[in-house]
Amino acid sequence: MGDMVSSAELGVLIRRYRQDAGLSQEKLAEMVGVSFQQIQKYENGHTTLNIIKLQHIAAALRVSVADFFDLVPVKGVRLTGEEDQLLQAFRKVKSGELRECILKLVENMNKRAR
């Protein structure tokens, strides 16, 4: 099993993704169906999220649930500058559909290069 993500780490990411999306705590709370105080508790790491709530928050923020757990690169593997640049750019793509297209494009390019 990989490293566990703490409530505090999850909260930091929720806040970051919420701010990146330009949403207030109140607006996110409205979209998720909880009080803004509950969003504050999630962001501060005071309340543990269940997977259903995390799915609702991820959907409202237009990120995948996996984005909350994809933080730690595989231990012992160093990314090149280009790989890190690609990963950072890919993580900024909000559209799941566009992310899928990017992955398919890279996979197809790789097949042709063989």
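**Surface and helix features of the predicted model**

M109 has a relative accessibility of 52% and therefore counts as exposed (exposed, over 50% relative accessible area; buried, under 20%; partly exposed, in between; 1.4 Å probe, protein chains only). The structure is a predicted model, in which local features need pLDDT of at least 70 and side-chain atom pairs count only at pLDDT 80 or more, while totals for chains, interfaces and linings use all residues. Residues are numbered from 1 along each chain as its sequence is written, and side-chain values use heavy atoms, with hydrogens and water left out.

M109 lies in helix α6 (residues 96–113); helices are DSSP runs of H or I with at least four residues, numbered from the N terminus. Together with L105 and V106, M109 makes a nonpolar surface patch of about 300 Å². Patch members have over 30% relative accessible area and no salt bridge, and nonpolar side chains are joined within 5 Å.

In helix α3 (residues 36–44), the buried residues are Q38, I39, Y42 and E43. They cover an arc of only 140° around the axis, so they sit on the same side of α3; the arc is that of the directions from the helix axis to the C-beta atoms. An α-helix has 3.6 residues a turn, so residues three or four places apart point the same way. The cover over the buried residues of α3 includes α1, α2 and α4 (51–61), with contact meaning heavy atoms within 4.5 Å. G45 follows α3 and has a positive phi, near 80°.

G22 is placed in the loop between α1 (7–20) and α2 (25–32). This glycine counts as exposed because its relative accessibility is 63%. G22 and L61 are separated by 39 residues in sequence and by 9.4 Å in space, C-alpha to C-alpha.

Definitions and conventions: Helices (H or I, at least four residues) and strands (E, at least two) are DSSP runs, numbered from the N terminus. Patches are made of residues with over 30% relative accessible area and no salt bridge: like charges are joined within 9 Å, nonpolar side chains (Val, Leu, Ile, Met, Phe, Trp, Tyr) within 5 Å. Accessible areas come from the Shrake-Rupley method with a 1.4 Å probe; for residues, only the protein chains shown count as cover. A salt bridge is a side-chain nitrogen of Lys or Arg within 4 Å of a carboxyl oxygen of Asp or Glu.
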